[in-house]
Amino acid sequence: MIEVQMNGKFPPGFRATERVNLSELMRNGTGRKPSNPPTRIGNARLLQSDAPSEAHFLAEHGFVLLKAPTRVTDWGDADQVASLYQAEVETMIRERLYPGRSLIIRQPPNVMRRGFGTATPQYGLGVHSDHGTTADDFQRNVEAFTSPQIGAQWRSSFESANVEEFVALDFWRTTNMGGPLKHMPLALCDPMSIDGADIIPTALEGIAPGGALTYHVSLAHNEDQRWYYYPDMSPDELLVFKLFQLKKDDPSQPYRACFHTAFEDPTAPADAQPRQSCEHRVSVMLLRD
């Protein structure tokens, strides 16, 4: 167990009567300050060690670590990623994460790279979740990053009678690193530990092409939230976590995605190799049996 000061969380008990525009807060100089108490982060390796299966652990906690060597040698080569990594990811989804389920899988043609030596050198040092909580929120974001037509196609697929559930998964791993990750690891909050009242609907400008407004959620600090990370992730390990999930037959729709953030590990050596990583965001429609 370690303790860190996490950025990006609203104060305990914060409630919003309408969607909070985070871009306006930043422009007005009233953004959230790291004034909450430190957050305890547990060792997810210990938590996962007793899991009956990878699929069970993902279903229960919203994240899971996989042993997953890859044949990709150049993460900047889109053709290599498309020809090798997409097949590896599809096999993992079908055989290890949702074994025996009928699925429709949609993968983007490339991965998003971040950190040292990439076009996006900065790290996501703020607690966030990348989508909202409803089908309308997700469709809006799809349209903001693609087109209204593609957003409508996603909604039509989701509303199909044979679709039981939709989940967006993030496949996150280090790239071009020779040893275990110690610099800027990723922390994730177990969604089962989140009080729904602490989820704050938010909006952002400028991250989508053309500056379109996108919908997300932020989190108010609560001591009951359970945060975890996987110490010393190796190059042949892969972290999978839920970015969004909707179950059509569940009217309560409890929050099942993972708030997450990079953080400065206080146990990391001063000369730790700077993190380079990539994420691959995959959409999965789970069909009725």
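Is aspartate 137 buried or exposed? Select Asp137 in this predicted model: aspartate 137 is buried, at 7% relative accessible area.

Arginine 19 sits in the loop between β1 (2-4) and β2 (20-21), while aspartate 137 belongs to helix α5 (residues 135-145), so the bridge ties together parts 118 residues apart in sequence. Arginine 19 is partly exposed, at 29% relative accessibility.

Next, select Arg101 and Glu164. These two form a salt bridge with the closest N and O atoms 2.8 Å apart. Arginine 101 is in the loop between α4 (78-97) and β5 (103-106) and glutamate 164 in strand β7 (residues 163-174), so parts 63 residues apart in sequence are tied together. Glutamate 164 is partly exposed at 27%, and arginine 101 is partly exposed at 25%.

Move to Asp130 and Arg281, another salt bridge, with closest N and O atoms 3.2 Å apart. Aspartate 130 lies in the loop between β6 (112-115) and α5, and arginine 281 in strand β14 (residues 276-287), 151 residues away. The structure holds 19 salt bridges.

Select Phe63, Ile93, Leu97, Phe171 and Leu239, the residues with the most contacts inside the largest nonpolar core, which has 54 residues. Around phenylalanine 63, contacts beyond four places in sequence include Ala44, Leu188, Tyr228 and Cys258. A second, separate core has 17 residues, among them Val4, Met6, Ile41 and Phe259.

Notes: Residues are numbered from 1 along each chain as its sequence is written. This is a predicted model: local features need pLDDT of at least 70, side-chain atom pairs count only at pLDDT 80 or more; totals for chains, interfaces and linings use all residues. Side-chain values use heavy atoms; hydrogens and water are left out. A nonpolar core is a set of buried Ala, Val, Leu, Ile, Met, Phe, Trp, Tyr and Cys residues joined through side-chain atoms within 4.5 Å. Buried means under 20% relative accessible area, exposed over 50%, partly exposed in between (1.4 Å probe, protein chains only). Contact means heavy atoms within 4.5 Å. A salt bridge is a side-chain nitrogen of Lys or Arg within 4 Å of a carboxyl oxygen of Asp or Glu. Helices (H or I, at least four residues) and strands (E, at least two) are DSSP runs, numbered from the N terminus.
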